[in-house]
Amino acid sequence: MGGFGALLALAGSDSPLRAPLVLFFLLAAPAAGIAAALRGLDPFARGLAALAGSVVLNMLVAQAMLATHRWSPRGGVVAMAALSALILLPELLRRRRTAKGQDG
């Protein structure tokens with residue numbers, strides 16, 4: 001659902017669903033990556049920490065874009081997608097490496 005919001009933002013759609021879906025994407029994408037990295041915590045603490053981290057990352061990206069005079073909604077969505085992927089990538093690689101070790 002959040003990915004659909006990102007696609008609407010990147011396409012420049014004027015749909016009334018654009019704003020809530022983009023907001024969901026901006027909160028959920030980095031939260032998913034952070035939650036995956038915090039696998040040692042209980043579910044409630046992991047969700048709370050992931051949501052707080054997501055808000056902090058969104059604020060840092062917005063502040064950096066404003067400070068460099070590069071603010072744009074599309075740019076913010078792309079930056080958060082890239083950061084979310086970078087946060088999630090080490091966990092995906094770790095899981096892949098663990099799965100390979102169990103197979104062989």
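The structure holds 3 salt bridges. One of them joins Arg39 to Glu91, with 3.0 Å between the closest N and O atoms. This pair links distant parts of the chain. Arg39 sits in the loop between α2 and α3, whereas Glu91 belongs to helix α4. The two residues are 52 residues apart.

The model is predicted. Mean pLDDT for the chain is 87. A value of 70 or more is reached by 93% of the residues.

The fold is described by its helices. The chain has 4 helices and 0 strands. Along the sequence, the pattern reads α-α-α-α. The C-alpha atoms fill a box of roughly 50 × 25 × 25 Å along the principal axes.

The largest pocket contains about 180 Å³ of space. Two or more lining residues come from each of α2 (18-37), α3 and α4 (73-103). In total, 13 residues line the largest pocket. Nearest its centre lie Leu26, Trp71, Pro73, Gly76 and Val77. By residue class, the lining of the largest pocket comprises 10 nonpolar, 2 polar and 1 charged. Gly76, one of the residues nearest the centre, counts as polar because Gly is placed in that class. Trp71 and Pro73, also among those nearest the centre, count as nonpolar.

The surface carries a nonpolar patch of about 430 Å². Leu23, Leu27, Leu51, Val55 and Met59 make up this patch. Helices α2 and α3 each give two or more residues to the nonpolar patch. The most comes from α3, with 3 residues. Val55, one of the patch residues, has its place in helix α3.

The loop between α2 and α3 holds Arg39, the partner of Glu91 in helix α4.

Technical notes: Residues are numbered from 1 along each chain as its sequence is written. This is a predicted model: local features need pLDDT of at least 70, side-chain atom pairs count only at pLDDT 80 or more; totals for chains, interfaces and linings use all residues. Side-chain values use heavy atoms; hydrogens and water are left out. pLDDT is the predictor's confidence in each residue, from 0 to 100. On a 1 Å grid over the protein atoms alone, a cavity is a set of points where a 1.4 Å probe fits but cannot get out, and a pocket is an open set with protein on both sides within 12 Å along at least five of seven lines; lining residues have an atom within 4 Å of a point. Grid points are joined across faces, edges and corners, and a volume is the space filled by probe spheres set on the points. Patches are made of residues with over 30% relative accessible area and no salt bridge: like charges are joined within 9 Å, nonpolar side chains (Val, Leu, Ile, Met, Phe, Trp, Tyr) within 5 Å. Accessible areas come from the Shrake-Rupley method with a 1.4 Å probe; for residues, only the protein chains shown count as cover. A salt bridge is a side-chain nitrogen of Lys or Arg within 4 Å of a carboxyl oxygen of Asp or Glu.
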